[in-house]
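The following briefing concerns the structure shown below. It treats confidence, the interface, sheets and helix packing in turn.

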Amino acid sequence: MNHPYQELIVERHKHPLHAGKPAQFDAQGQGANPICGDKVRVYLTRAGMDVHYEAEGCAVMNASADLMADAVAGKSLAQIEKMSREFETIITTGQENQALGELNAFAGLAEFSSRQRCATLPWSALAEALHHV
Amino acid sequence: MSTTLQKLDVAAIREDFPILKQQVHGKKLVFLDSAASAQKPRAVIDAMTFVMESQYANVHRGLHYMSEKTSNAYEAARDKVADFINAASRDEIVFTRNATESINLVAYTYGRAVLKPGDAVAVSQMEHHANLVPWQMLRDAHGTELRIIKITDAGEIDFESLEQVFADGKVKLLAITQMSNVLGSYTPVERLAKFAHERGAKILIDGCQAIVHRQIDVQAIDADFYVFSGHKLYGPTGIGVLYAKRELLEAMPPFMGGGEMIANVSYEKSSWAKPPYRFEAGTPAIIETIGLGAAIDYVRSIGFDAIAAHERGLTEHALATLSDVEGVNIIGQAQDRGGVISFTMRAAHAHDIATLLDRQGIAVRAGNHCAQPLMGRMGVTGTARASFGMYTTHEEIDALAAGLNRIRQIFA
């Protein structure tokens, strides 16, 4: 089975590329998991779909937010919505999807249903931000 | 019960718990989540199977052989519970679904019929949600006040705060845990009962955690209400207990209406059965209640002297071993504490710890442990928690420490 903590996940958790609140942004959205206390706030700049975030949570959520920011950069709203659905399919079925590249690192969560919400939390925060632009 | 200190034969006890032979992710199961729910010994499994295979019918209704046999076994469990906690009478034992339901029963009946708007209920900062939310609901519905007694940084009751909370004489009920499900702290329930009684208040004790590890004597404590769940005491789910002093139960109206709880019913009105049946509407959890009786027999056959000595050794070993893991911070440092240990790790979030330990076959709990306000009080968003039962071994604690060291390396 896929290990739920692939090197890429640990790496992005430890050394995120998109963490922090930008000086300017067009919209924001947030996600919180009352079960574990994880929180994430996503900041979106419409031009170029530039995403940054502030996260307080586990490695899976932090890495998911960071890799999500990579994945959605430059994409259209429709592409992001499709990607979000396909990402959920990866983590619930464990079936990799070549089109989603590095997001396949989360396929190991298929065997840990209690942790899937950690990976989807940044995506629901992003959906909220997109709703506001 | 023997007063000589017997040594617990852990290997023999482990043989009594079939599930401990299971493997998880190809690894030996190391079950360190007994505070959430304990595993079941063969004696409990067999007792429940026996009822269903050879001696089952509804209780208190039928005039036939099977009903009578089942009723006798069901009521024998009530005697076992009464004797186990040294209740003055079997009629003081009400069967419920779990401790949560027991507390809600008290909040809905005693809370509304005896407590008056303006009276206060006091709870501590380290209550499980089950001993906080029902009192918030009572406050909102009935106009009682809810007061919170502070705990110290070590995780013990702050007696100065307790004095303040009781100072104006409005507190009429102290609802408090005997052992925190997060910090492992015991509370001095005899002292708290005396304190409450001297100030004209009753005391409800949440014994869910404590009753698994210590001999409970509700008369020695002078508890007014004492609640616990069967499933943490090596018994089945779906069965809990409310102990209450007879005169309190007599004064309480029913919780739910239906069969079993009535004395006489007409289309216009009904009169209530005497306690405990007044509070046991509908067909009870017959099989589970008999299972609880078997669990009590099993625990008593091992004896609390031996259980407590074994668990004290485990707790000391765990506190020392886990403190040696770099970056591990144990939450709660109470003097009087048991085998429930919450911790955080500098490098890893509690849920990462739990998932990575699970990969090694080690089951711990992570999150807020149904004590969300306590997390804020202790300055954490969540913790990982290892908790022990009579079947836990020193080797399993060593496996936990080794697992944490591996996690530390992953996130280093």
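Predicted model: local features only at pLDDT ≥ 70, side-chain atom pairs only at ≥ 80, totals over all residues.

Residues are numbered from 1 along each chain as its sequence is written, while chains are lettered from A and ligands numbered from 1 in the order in which they are written. The model scores ipTM 0.83 and pTM 0.92.

**Interface between the chains**

- Contact, defined by C-beta atoms placed from the backbone that lie within 7 Å, links 13 residues of chain B with 14 residues of chain A.
- On the side of chain B that touches chain A, helix α13 (residues 350-358) of chain B gives the most, with four residues; helices (H or I, at least four residues) and strands (E, at least two) are DSSP runs, numbered from the N terminus.
- This side of chain B comprises five nonpolar, seven polar and one charged residue; Ala, Val, Leu, Ile, Met, Phe, Trp, Tyr, Cys and Pro count as nonpolar, Asp, Glu, Lys and Arg as charged, and the others, Gly among them, as polar.

**Sheet of chain A**

- Three strands of chain A form an open sheet in the order β1-β2-β3, with antiparallel pairing; two strands pair if DSSP finds at least two bridges between them.
- β1 (27-33) and β3 (50-56) of chain A each have a single partner strand and stand at the edges, so one side of each lacks a neighbour in the sheet.
- From one strand to the next, the twist averages 15°.
- Strand β2 (residues 38-45) of chain A is joined to β3(A) by seven bridges in the antiparallel sense, and A:Leu44 has A:Val51 as its bridge partner in β3(A).

**Helices on the sheet of chain A**

- α2(A) lies across β2 and β3 of chain A and runs at about 175° to β3(A); axes are lines fitted to C-alpha atoms, for helices over the stretch in contact, and angles run from 0 to 180 degrees between N-to-C directions.
- α4(A) lies across β1, β2 and β3 of chain A, at about 150° to β1(A).
- Helix α2 (residues 59-72) and helix α4 (residues 116-132) of chain A pack with their axes 7 Å apart, at an angle of about 45°.
- The contact includes A:Met61 and A:Met68 of α2(A), together with A:Trp123 and A:Leu126 of α4(A).
- The residues of this contact of α2(A) with α4(A) are 10 nonpolar, one polar and no charged.

**Sheet of chain B**

- Seven strands of chain B form an open sheet with mixed pairing, in the order β4-β10-β9-β8-β7-β5-β6.
- The edge strands β4 (93-96) and β6 (145-149) of chain B pair on one side only.
- Strand β5 (residues 120-124) of chain B runs parallel to β6(B), joined by five bridges, and the partner of B:Val121 in β6(B) is B:Leu146.

**Helix packing in chain B**

- The axes of helix α3 (residues 65-84) and helix α11 (residues 286-302) of chain B come within 9 Å and cross at roughly 45°.
- Among the residues that meet are B:Tyr74 and B:Phe84 in α3(B) and B:Ile290 and B:Ile296 in α11(B).
- This contact of α3(B) with α11(B) divides into 10 nonpolar, three polar and two charged residues.

Conventions: Contact = placed C-beta atoms within 7 Å.
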